[in-house]
Amino acid sequence: MRGNFGRILLVELRGDRVAVEHVALPEAAYHAFVGGVGLGAYLLWRFAPAGVDPLAPEAPLVYAFSPLLGTPLTTTAKFAVLCKSPLTGRISDGLSSSRFALAAKRLGVDALVIRGALDRLGWLHLDEDPAACRVEPCPAWAGLSAHELSDMAAKQGLFRHVSAIGPAGEAQIRYATISNDGRHAGRGGAGAVLGAKRVKAISVRGAAVAGVADAASVQVRARDLAARSAGAATEKYRALGTAANLETFDRLRILPRRNFQTVSIGQAAARRLAPEGLARAGEHVRDSCAGCTIGCDHRYGGTRIEYETQFALGPLIDVDDPACLLAAAGACDALGLDTISAGGTLAFAMECAERGLVDWPLRFGDDVLPWLRAIARREGAGDLLAEGTRRIAAVIGQGSERFACHVKGLELPGYEPRAMQTFALGLCVACRGADHNRSGAYQADLQAGVDRYRADVARAPARVIEAEDNAALLDSLILCKFLRGAIREPWREGAELLAMVTGVPRGEDDLRRSARRIAAVRHAFNVREGWTLAEDRLPDRFHDEALEDGASLDRADVAAMVDAYHAARGHVPRGGPSERLRRELELDAWLTDAPPLQGPASLG
Amino acid sequence: MVTVELYGVPRLRAGASRVEVPAGTLASILHALASILPGLVPDIVHDGRLTEHALVAVDGREIVADPTLPIADGTVLVLISAAAGG
């Protein structure tokens, strides 16, 4: 099979040393899980001890590559990072685009599984030659942002492409990110896991090439896909960026404001925070991720702004000054904080303070820069805020859980579920917690013929499952979701791409089975780690408080949609796959109780 | 008259954020839009229909696509990019 190397690298950290070992994976694993998020989910299942503390040394951190990575196909320079989330206690996977992805695959492996911990802050260098892998203590790098670290290392000739954590990762903030070329694998706190291993940075060096089975066809398709990526389907991302959503969502009354208390900031404020307003606050520059022909990366005054960041550090905390928003976004980038969770946590803290439940000097609309710094350093109240909304609510009590806006501990993204009720189901059942990237069910609500204010028990589960399976496909291949509009038949084209690259024919139905298998393994991981049906729910606010236009979300309807979703997925009531689903997806071959594959023996 | 508000790429293409057109069916309104805002053609509006790159919501709520749908005087149509996400 081309496109893959058929092996992974086990990386074991202990004291001030590292030992590595190549472990072969059967070809069937690639067929079953494709790559990226899918392959990573399987590896996480295999290597994470059941019930492991996400910040314990034995908790694995998985970097998973994909068969398309390293080909000329646009948007494929990505990798997935997986762990048991220290924020949710459930599966976490982040995707990041970067030249690091391209460089890391040249180690000649399809994934890295990192276990153990160093006894002091170190730089982990991984090399195609196992004997050249090493750890260097780097106490002087403590407190550097990933960007500062990259600049310094480049000037000193240490390394070119790096995966690193900022101060928040070092302090094990539960929503710390891992940064690569200025992009982040966010959501769920993978940065805290790397921080718990005391690894500040990972550099890579290798020259291995997985190759492709049909280079001529890949070249032709790469040109075709690049042309499609420059068409009308992606114009919004290219011309305006996702920041254009804010004003639109304000008009559609789905833009959460003040910790999901209302859904509009008004036309004038929306225009101030829209791309045109941001451009007045900072010089606008457009850029692209490595290997991407779309170019959705819009920066204002040097700070990258995407819709979720704009929502979370703007309307959600009631900030309508573009300069304040840009400063907060820049601080999250430098500190290595997930912007949705940072904004969501601060919004919850602001509401608690305004209600008098805590005496923090924090109000909606405040400048949050000092608070972000306090969180990243765990100073003062920042130490509790570093724990995320769910844990803060558990400490504060006094009924605050009612408006603690999270699912499974993950703060909500910027779509109002009371006015998007298919998406409400997507949020409830998503394996990562409140999630817009592994489902994308918001798309179902924004189409003709769907009443987005109604919980459609009969149709919503199938819509959510289709969105989840589509995401599993794109996240495992790995292709950018912003190509969605340019790929009319993702299953057919996905199968074609895999066949061209790997040389192994895939059918559309066969690929759909892989996507369902990936979803099943992600769910099974959560069940093993303690999932119960009770956590597939939204906070009480969304049921007990109607929006100003009267929109509300019926608790019983949502529960019925959740039940119908699990039934349609083939899950048994207590969680996990039914016997039928196990047989259909051959899950018993993968969800074994066998101990994890052995690691390197060289550390004893 | 029907007010059409434009957001995202439709606004960028049209160079206008708000226009008024005579009431009628959705198709007649889209024809009128194409006539007064030619930048919308062909990627946003084509042949009296919206392309897959745009959506229109009645009063910002119900998303509609049926070209025969009557749109009454005083209605506000919100024309947006189809691509959400971010």
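Student: In what order do the elements of chain B run from the N terminus on?

Tutor: The order in chain B is β-α-β-β-α-β-β-β-β-β-β, with 2 helices and 9 strands. Helices (H or I, at least four residues) and strands (E, at least two) are DSSP runs, numbered from the N terminus. This is a predicted model, in which local features need pLDDT of at least 70 and side-chain atom pairs count only at pLDDT 80 or more, while totals for chains, interfaces and linings use all residues. Residues are numbered from 1 along each chain as its sequence is written, and chains are lettered from A and ligands numbered from 1 in the order in which they are written.

Student: What does chain B span along its principal axes?

Tutor: The C-alpha trace of chain B spans about 35 × 25 × 20 Å.

Student: Which residues of helix α2 in chain B are buried?

Tutor: In α2 (residues 26–36) of chain B, they are L26(B), I29(B), L30(B) and L33(B). The buried residues of α2(B) fall within an arc of 100 degrees when seen down the axis, so they line one face of the helix. The arc is that of the directions from the helix axis to the C-beta atoms. A residue is buried if 20 or more other C-beta atoms lie within 10 Å of its own, exposed if 12 or fewer, and partly exposed in between, with C-beta atoms placed from the backbone. Over chain B, buried residues make up 44% of the 86 residues.

Student: Turning to the interface, how many residues of chain B are in contact with chain A?

Tutor: On the chain B side there are 20 residues, in contact with 26 residues of chain A. Contact requires C-beta atoms, placed from the backbone, to lie within 7 Å. The elements of chain B that give two or more residues to this side are α1 (8–14), β6 (54–58), β7 (62–64) and β9 (76–81).

Student: How do the residues on that side of chain B divide by class?

Tutor: The chain B side has 12 nonpolar, 6 polar and 2 charged residues. Ala, Val, Leu, Ile, Met, Phe, Trp, Tyr, Cys and Pro count as nonpolar, Asp, Glu, Lys and Arg as charged, and the others, Gly among them, as polar.

Student: Now chain A: into which domains is it divided?

Tutor: Chain A has domain 1 (7–205), domain 2 (234–411) and domain 3 (419–589); the bounds come from an automatic or database domain assignment. The C-alpha centres of domains 1 and 2 of chain A lie 26 Å apart. Between these two, 33 residues of domain 1 are in contact with 24 residues of domain 2.

Student: Which element gives the most to the domain 1 side?

Tutor: On the side of domain 1 of chain A that touches domain 2, α5(A) gives the most, with 3 residues.

Student: And which residues have the most contacts inside the largest nonpolar core?

Tutor: They are A41(A), V62(A), A111(A), L337(A), L372(A) and L425(A), in a core of 235 residues. Such a core is a set of buried Ala, Val, Leu, Ile, Met, Phe, Trp, Tyr and Cys residues joined through C-beta atoms within 7 Å. Not counting residues up to four places away in sequence, L372(A) touches A328(A), A331(A), C332(A), L335(A), L337(A) and A342(A).
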